[in-house]
Amino acid sequence: MIDVDVLRERLVGRELPGGELRVEGFEAWLGHDAMRADDVRSDVLHPLWLFVGGLRGMGTTINGLIELMEATPEDGVMFGELSIEQSTSMKAGLDYQVRGSITDVARREGRRIGTFDVLTFELETLDATGGVVGTVTSSFVFPRRS
Amino acid sequence: MARIDIGTSIPERTVDVRAEHMKVFSLLTHDPNPIHWDVAAVEQAGFGDRLINQGGLNVAYLINALISWAGSPDAVRTVTVRFLGNVFAAEVVTAGGVVTHVDEERGLVELDVWLAREDGTKVLSGTATVAAAP
């Protein structure tokens, strides 16, 4: 099992590549249909798009984050917590920037899964003026079997 | 929005979880995890024979209840949740919430929120802040 202090030294504070984000109108429609968001049927995006868009624009993938943690998808990586802060609604057809960083790596013990690590990362979505429209903090749980 | 007091419950929203929505969401989020679109992968992982819903979609159901209550996606200011369990295709889940604090000066309402299975088991639990209607 990798030393968590090594992981912390290596990852905490690391900036993610980031990138551009644009949600087209048809993607918004399909996304809102999948979210069962019957009350959201305009160019205003559901707040969950801050999370979805953040993942799309962060410049890496979930698998990329899993590799950084020296784990594999087969290890049973799970969602831990999710926090969404929305300053302004995103809109379909507009350009945004995503920037993010890894904010924490911690090792814990659980009764059910034993030793596990928690990776926490934060993604900010910015509009064309550089204003932050929302911030998403996510944590993933990595079971560590010896 | 009617008068808001501490203890006010928001109208619950019930969702029948469908595989077709998981598949679209996998594409939109570039999520390669096959447990959301390939039953064989779920079986191989030992989770049974039904697709597992994305955690993000579960959160969306919860936010939908807030949007319906507050009247607009803009009104949702914060949502913080902990993931407590998986939701499978063909399950029925219900989102709900109860007001815990009213900040009249800032026009904000804080709530405890959750998403639960039919037997009442919570799969999401957390807090939210929404802007109250003027």
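In the predicted model, Glu15(A) has Ser101(A) of strand E3(A) as its bridge partner. This pair belongs to a set of six bridges that join E1(A) to E3 (residues 95-110) of chain A, the two strands running antiparallel. Strands are DSSP runs of E with at least two residues, helices are runs of H or I with at least four residues, and both are numbered from the N terminus; two strands are taken to pair if DSSP finds at least two bridges between them. Residues are numbered from 1 along each chain as its sequence is written, and chains are lettered from A in the order in which they are written. Because the model is predicted, local features need pLDDT of at least 70 and side-chain atom pairs count only at pLDDT 80 or more, whereas totals for chains, interfaces and linings use all residues, and side-chain values rest on heavy atoms, with hydrogens and water left out.

The pairing of E1(A) with E3(A) is part of an open sheet of 10 strands, ordered E1(A)-E3(A)-E4(A)-E5(A)-E2(A)-E2(B)-E5(B)-E4(B)-E3(B)-E1(B), with antiparallel pairing. Strand E1 (15-22) of chain A and strand E1 (13-16) of chain B stand at the edges; each has a single partner strand, so one side of each is left without a neighbour in the sheet. From one strand to the next, the twist averages 20°, where axes are lines fitted to C-alpha atoms and angles run from 0 to 180 degrees between N-to-C directions. In general, strands of a sheet pair through backbone hydrogen bonds, either parallel or antiparallel.

Within the chain B part of the sheet, strand E5(B) (residues 122-131) has seven of its 10 residues buried and is therefore largely enclosed by the rest of the structure; buried denotes under 20% relative accessible area, exposed over 50%, and partly exposed the range in between (1.4 Å probe, protein chains only). E5(B) pairs with strand E2 (residues 76-83) of chain B through seven antiparallel bridges, and Val79(B) has Ala128(B) in E5(B) as its bridge partner. Nine bridges, also antiparallel, connect E5(B) to strand E4 (residues 108-117) of chain B, with Val113(B) standing opposite Gly126(B) of E5(B). E4(B) and E5(B) form a hairpin with four residues between them, and Gly120(B) in the turn has a positive phi of about 90°.

Chain A contains four helices and five strands, arranged from the N terminus as α-β-α-α-α-β-β-β-β. Chain B contains three helices and five strands in the order β-α-α-α-β-β-β-β. The C-alpha atoms of chain A fill a box of roughly 50 × 30 × 20 Å along the principal axes, and those of chain B span about 55 × 30 × 20 Å.

Of the 146 residues of chain A, 50% are buried; for the 134 residues of chain B the value is 49%. In chain A, 69% of the contacts (heavy atoms within 4.5 Å) with a separation of 6 or more involve residues 24 or more positions apart. The corresponding share in chain B is 62%, for residues at least 24 apart among contacts at least 6 apart in sequence.
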